[in-house]
Amino acid sequence: MNKPHSGHFGNLSPEMALLGQLYAGPGHGYDLHRKVVRTLGEIWHLSQSQTYTIIKRLERQGDISIQELPQEKLPPRQLLTLTPVGQERFLRWLVTPNRGSIRSIRMEFITRVFFLGQYFPEQLPSAFAMQRTETKRNISRLETLHDELPEDQIYNRMSLDLRLRQLKTAFEWLDFYQVIVLNKFTKEEN
């Protein structure tokens, strides 16, 4: 598996959820959509039409290739395959922590943990550690901003205070679920 990428990913798009499903092997768009909805549906609220739009974008980007499979008396079926470019992009994303915002933790981090558990469970402790570090860094950054705000900037203070409280709760949440997730994979190995 590749080393962590120095930059961040984070367009909060379900692209990686689709690439992650294809990492296991080729598939068809409808089946891919169903897998994402079944396994990650509370994270990514993805319609079938959105899935096909993203598939087209992934093909344009070179992340997947599409092979037309003829069917008798029906339009051809499309078999989607992860390209080497798409595989490299997915694997790089898999080991890159998100910046530590609540939304990115809720969406990207949980998706990342899902696929690490499927493909590289030995990387889960590292993923949690990196995310804790990023979250802690974001908390420190927001605390500094909060402390430097003039007292009369009540609305900015309110916003920063809410974000800080959410991130501190997320930090505790990371500790809680790290134990649960790692125990799950320890039990499965035995």
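Helices here are DSSP runs of at least four residues, numbered from the N terminus. Keep in mind that this is a predicted model.

How exposed are the two partners? Asp-31 is partly exposed, since its relative accessible area of 27% falls between the 20% and 50% cut-offs. Arg-34 is partly exposed too, with a relative accessible area of 46%.

**The other salt bridges**

In total, the count comes to 11 salt bridges. As a bit of background, side chains of opposite charge can pair when their charged atoms come close.

| Glu-88 | Arg-92 | 2.7 Å |

Glu-88 is partly exposed, at 35% relative accessible area.

What about Glu-151 and Arg-157: buried or exposed? Glu-151 is exposed, with 63% relative accessible area, whereas Arg-157 is buried, at 16%. Arg-157 gets that label because 16% is under the 20% cut-off.

Some salt bridges also share partners, and these join Glu-15, Arg-57, Asp-63 and Arg-89 into one network.

Now for the inside. In soluble globular proteins, nonpolar side chains tend to be buried together. The largest nonpolar core in this model has 42 residues, and the members that touch the most others are Leu-18, Leu-19, Ile-64, Phe-90 and Leu-94. Which elements give two or more residues to this core? They are helices H1 (15–23), H2 (29–40), H3 (48–60), H4 (84–94), H5 (102–119), H6 (124–148) and H7 (154–189), along with strand E3 (74–82). H7 supplies the largest share, 8 residues.

Phe-90 is a handy place to start looking around. Leaving aside residues up to four places away in sequence, Phe-90 touches Met-16, Leu-19, Gly-20, Tyr-23, Phe-115 and Tyr-119. One of those contacts, Leu-19, is itself among the core members with the most contacts to other members.

Note on methods:
Residues are numbered from 1 along each chain as its sequence is written. This is a predicted model: local features need pLDDT of at least 70, side-chain atom pairs count only at pLDDT 80 or more; totals for chains, interfaces and linings use all residues. Side-chain values use heavy atoms; hydrogens and water are left out. A nonpolar core is a set of buried Ala, Val, Leu, Ile, Met, Phe, Trp, Tyr and Cys residues joined through side-chain atoms within 4.5 Å. Buried means under 20% relative accessible area, exposed over 50%, partly exposed in between (1.4 Å probe, protein chains only). Contact means heavy atoms within 4.5 Å. A salt bridge is a side-chain nitrogen of Lys or Arg within 4 Å of a carboxyl oxygen of Asp or Glu.
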